[in-house]
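Grab a pencil and work through these exercises with the viewer open. Try each task before you read its solution.

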Amino acid sequence: MKKLLGYLPFHFLLFLIAGICCQYYTDFWNFGIVRFFCILLFLGFIGYLFRKTVLFIFISWLSFFLIGILLIYRGDATKNYNYFEKHLTNTSNATLAIDKVLKPGNYHYKYIAEVLQIDHQKTTGRVLINIEKDSVASFFKIGDRILIKNKFVAIKESLNPHQFNYKNYLAKQGIHQQVYATKQELLLLDQTSTSFLEFIAAFRLKIQQSLQQYDFSEDELAIMNALLLGQRQDISKELTANYSKAGAIHILAVSGLHVGIILWMLSFVLKPLERYKKGKVIKLVLVLLFLWFFAVLAGMSASVTRAVTMFSAIAIGQFFNKRNAIEQSLIFSMFLLLLLKPLFLFDVGFQLSYLAVFGIIWVQPVFYQLWKPKYYIIDKGWQLITVSTAAQLGVLPISLFYFHQFPGLFFLSNLLIIPFLGVILVTGIIVLGLSYLTILPVFLVDIYSGIISILNRLVAFIARQEAFLFSDISFSFIKMFFSYLVIIACFQFFLKRNAKRCLFFLSSVLIFQFVFFYEKYHIEKNNEFIVFHKSRNSIVGIRTGSFLEVYNDMDSLVTKQNLLKNYKVGENILYQNYQKLPNLLQLNKQIVLFIDTAGVYNLIDLHQPIVLLHQSPKINLERLINRLQPTIIIADGSNYKSYVRLWKATCLKLQIPFWSTNEQGAYIKK
């Protein structure tokens, strides 16, 4: 670690990341490219004049910080003159090119597309396409060009607190608009050219079609497509949930684990080449060619590209066989990826991949030295356990922050699955090749389908041991940050036990405890009234410290609502109680009046209440306002949208505050 701090690209990487974060979260630079380059040229001139002084180092740091800002500024398509939204009119026609096929939702097939043209104006930008399932007779594929009239709408913010923010997720991919359409509203255009990626997509589709000719079940085909071709669209929710609970969800995404196993197997198979002159160079070239062939076969998705770039750098580091060469190659690959794709920094897969690999590189050798088994099989098992532990330690805090769960049986799933994953990958590539050539023998189909079936059953068995799945863990960003500080301090103290490192470790523990107690204090003093957004139903909560009282008009399924689960985890709620929605609710000195289809509100001595309209009551809102003088009128997601529009207009006319959860999200009163 100490030597890594002396590695110059590591410094550049840190300041590049700082610049990327600064511009992404503040968007403070809006002064154009010319001024930016003038500043960089000025810094370059000053750096040249003082190149032999300490000032040169600070200028270098500042330059990479500014480059990080520039990368985000230039990568923001919305600031481009040719961004498609700037050329839209009500009658515009848009030409789109399908760029990616996503996992379908409950009601729509989903695609990401490039906006090539608005009317006759060439444009840039990406959109999300949602096509009604009932209207689709055939799927679109990557490279298809389609024509559509202007139906673009902005992607909505999440409507409930702590809900997954799909808008932010897509924004990190440069997507800010979406389209809802039926198949009849889209016109498939004739294509005159095919790009390399479109050719690969067609090649991959042909492989998938060839596999369907053999006796593989749907789940087996879905796993094969995920493991070998990077296509996870067909994996069922149940299968995904099983892999997640078993701590093996990383197996379904072609990422660092798969590429790392392939690199290890290639290095092992090609090792005899090292005996010959230039054999090491030939081995390196063959390894890199095969890794990038696998990346192309898997669709060159972001996760695959990252993983192959990362392990290509590791392969090059192994070739030079110098101390810290692997760590330095890893740093360089991260630096290179962020220069090319700065928004990778905010991708969860990117963060998990690098943290896991750094954990393996730094921590695994130390764990492995704790015990030296005499027998080969036990030694390999111990290696696998130490690798899994090191990787899990590297990603544990960030996994708790993003996913709020910890699979206690990850040891078991990794110990049983990973040793055979290499065989599954290599055999699978052979199966793909033979099926594409239509010469895949039946016995190999039976063997491979049996292996995949056993894998799925094994994962399902581990997933059923729910006592070992620790879920709904509330873990904030600041807890995650100081958790890494504790892990680093503990590891440093373990490596070298001295007073300085002991003080560092104890200080980090004290800081983490302070954060824990501060958050607990903040939770206990937090009180709020919240009207959640729920389509067709009403859910209201009164939160007092770590206790949440839930009022609803649903049946027992209310306990399974994700919006309540997300709120509970995000706010660290420890206790919940469920009751039926009342007509009146006392909120400190404020009365909340619930008006449903019965439309009852003529209550004696009721003045200036909070009025919640639900289940589309047929009332004269103007008369209600004149009688009660409400402080605010809230319409939740159970109402007809036409009713909500009329109520909103009435409130605007009479100057009464109005809140629609369908438009503004959950209503929260502290």
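**Exercise 1.** How many bridges join E15 to E16, and do the two strands run parallel or antiparallel?

Solution. First, the ground rules: this is a predicted model, where local features need pLDDT of at least 70, side-chain atom pairs count only at pLDDT 80 or more, and totals for chains, interfaces and linings use all residues. Residues are numbered from 1 along each chain as its sequence is written, and side-chain values use heavy atoms, with hydrogens and water left out. Strands (E, at least two residues) and helices (H or I, at least four) are DSSP runs, numbered from the N terminus. Two strands pair if DSSP finds at least two bridges between them. Now count: E15 and E16 are antiparallel and joined by four bridges. One of the partners to spot is Leu593 in E16, which bridges to Leu584. In the hairpin, two residues sit between the strands, and Asn588 has a positive phi near 55°.

**Exercise 2.** Follow E16 to its partner E17: in which sense do they pair?

Solution. Residues 590–595 (E16) and 610–613 (E17) pair in the parallel sense, over four bridges. Check Leu593, whose bridge partner in E17 is Val611. Then go to Ile595, which has Leu613 as its partner in E17. Finally, look at cover: five of the six residues of E16 are buried (under 20% relative accessible area; exposed is over 50%, partly exposed in between, with a 1.4 Å probe and protein chains only).

**Exercise 3.** Is Ser312 buried or exposed?

Solution. Find Ser312 in helix H11, residues 302–320. Its relative accessible area is 7%, so Ser312 counts as buried.
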